[in-house]
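Please read the following points with the sequence and the model at hand. They are written as a colleague's note for a student who is new to structural description.

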Amino acid sequence: MGPLIGVTVEPPNPAGDLRGAYSEAVVEADGVPILLPLGLDIPAFRRLFEGLDAILLTGGGDIAPEHYGERPSPALREVDPGRDLLEITLARWALERDKPILGICRGLQVINVALGGTLIQDIAAEVPGALPHDNPDTRGAEIAHRVEVEPGSALRGLARRANLETNSSHHQAVRRLAYGLAAVARSGDGIVEALEAPGHRYAVAVQWHPERLPGRPGSRALFAGLTRAAGRG
Ligand code: MN
């Protein structure tokens, strides 16, 4: 059997069922997805965590800025305290225990905040001249921008390319990178588009949505890397 990949979820999304795409990508990579419920107490969640082979942190709303020592900006969008707590806890546990973890969009931001980094609360308001990272037309299968991938990074090894074309469905981004993380891809405006934790078995996060771009270079490799690192063989 394939490795068990815990996939975080959010309450039903009126914009459509995007959760299915994460699970499909895990199955495509020979993993077995398990959707992780919110609202469990920490001991129950720890029990669940122990049984998993890897973690997939998915996209979603904003992280409450109190988690990185800032007050909410007027451009902050919806937050979910329960989801913040569980995902930040999961990210810390995964890195402490060297359990493979893949962060997508919000998941990248969760990993950075969990390790002590900070976020730009709204790119459009805070970064003059930034590319449009939150255009409704380029959140799914359409390309929003290119990212340049750092030589020598795990992402570069997975994607086997110096540049990737990505979608973009985020209005926040990394401001200060947490200690222990490396920024391994940026868009032309300097926004961090991927990070990883060097020295870990597999701790990679991307700001775009590879599960919505299954045919693009690098997309399947991100999920395959996760399940390979999590493999029990
Ligand atoms: Mn972007």
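1. The largest cavity is lined by L164, E165, T166, W208, L213, R216, P217, G218, S219 and L222. Strand 7 and helix 7 are the elements that give two or more residues to this lining, and strand 7 gives the most, with three residues. Helices (H or I, at least four residues) and strands (E, at least two) are DSSP runs, numbered from the N terminus. A cavity is found on a 1 Å grid over the protein atoms alone, as a set of points where a 1.4 Å probe fits but cannot get out; lining residues have an atom within 4 Å of a point.

2. This is a predicted model, in which local features need pLDDT of at least 70 and side-chain atom pairs count only at pLDDT 80 or more, while totals for chains, interfaces and linings use all residues. Residues are numbered from 1 along each chain as its sequence is written, and side-chain values use heavy atoms, with hydrogens and water left out.

3. About 40 Å³ of space lies in the largest cavity; a volume is the space filled by probe spheres set on the grid points, which are joined across faces, edges and corners. The structure holds one cavity of 30 Å³ or more. The lining of the largest cavity divides into five nonpolar, three polar and two charged residues. Here Ala, Val, Leu, Ile, Met, Phe, Trp, Tyr, Cys and Pro count as nonpolar, Asp, Glu, Lys and Arg as charged, and the others, Gly among them, as polar.

4. The second largest pocket holds about 180 Å³ of space. A pocket is an open set of points with protein on both sides within 12 Å along at least five of seven lines. Its lining includes A21, E24, P210, R220 and F223. Helix 1 (19-28) and helix 7 (219-230) each supply at least two residues of this lining, which divides into seven nonpolar, one polar and four charged residues.

5. In helix 7, the buried residues are S219, L222, F223, G225, L226, T227, A229 and A230. Buried means under 20% relative accessible area, exposed over 50%, and partly exposed in between (1.4 Å probe, protein chains only). The 12 residues of helix 7 should span 16 Å at 1.5 Å a residue, and the end C-alpha atoms are 18 Å apart, which agrees; the expected span is 1.5 Å times one less than the number of residues.

6. Which residues hold the manganese ion's protein donors? They are H133 (ND1), H145 (NE2), S168 (OG), H170 (NE2) and E193 (OE), lying 2.2 to 2.3 Å from the ion. Donors are N, O and S atoms within 2.8 Å of the metal (3.2 Å for Na, K and Ca); water is not among the atoms, so sites may look incomplete. H145 is buried, with a relative accessible area of 6%, and H170 is buried as well, at 3%.

7. P74 is placed in the loop between strand 3 (54-57) and helix 3 (81-96). P74 is exposed, with a relative accessible area of 87%. P74 and P3 are 71 residues apart in sequence and 42 Å apart in space, C-alpha to C-alpha.

8. The protein chain as a whole has seven helices and 11 strands. Buried residues make up 51% of its 233 residues. Along its principal axes the C-alpha trace spans about 50 × 40 × 35 Å.
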